Amino acid sequence: MFKITEVKSWAKSCGYSIIKEKDDSVNGASYYWCKDSDPTATGVALSVSKVATAIYNHMTNDKWLDHQKEYQKNQEIKKITTSDY
């Protein structure tokens, strides 16, 4: 499990900023990120892990996006096939 303080520190070392805002979303907060040197590079995520992934994907120009999607798909299949009915 990621802690927002750890992700903020990592993001800052890479030139990004993260702002957590409490709201009515499912998780009770949204995480807004931006690249400090490029104000047009921004995004919003609903969890700490998703904001870390979004920043990583931006840094790598989505190089690993296909791999991430395949991994998520395999995890969903694994949940379905290993769960008790």
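Predicted model: local features only at pLDDT ≥ 70, side-chain atom pairs only at ≥ 80, totals over all residues.
Residues are numbered from 1 along each chain as its sequence is written, and side-chain values use heavy atoms, with hydrogens and water left out.

A search of the whole structure finds 1 aromatic pair, where rings of Phe, Tyr and Trp (its six-membered ring) pair if their centres lie within 6.5 Å, and planes under 30 degrees apart count as stacked, over 60 as edge-to-face and the rest as tilted. The ring centres of Tyr16 and Trp33 are 5.9 Å apart and their planes stand at 55°, so this pair is tilted. Because Tyr16 lies in strand 1 (residues 16-22) and Trp33 in strand 2 (residues 29-35), the pair ties together parts that are 17 residues apart in sequence; strands here are DSSP runs (E, at least two residues), and helices are such runs too (H or I, at least four), numbered from the N terminus. Tyr16 is buried, with a relative accessible area of 3%, and Trp33 also counts as buried, at 8%, where buried means under 20%, exposed over 50% and partly exposed in between (1.4 Å probe, protein chains only).

Val44, in strand 3 (residues 38-45), counts as exposed at 52% relative accessibility.

Ser47 is found in the loop between strand 3 and helix 2 (48-59), and counts as buried at 17% relative accessibility. Leaving aside neighbours within four places in sequence, Ser47 is in contact (heavy atoms within 4.5 Å) with Asn27 and Tyr31.
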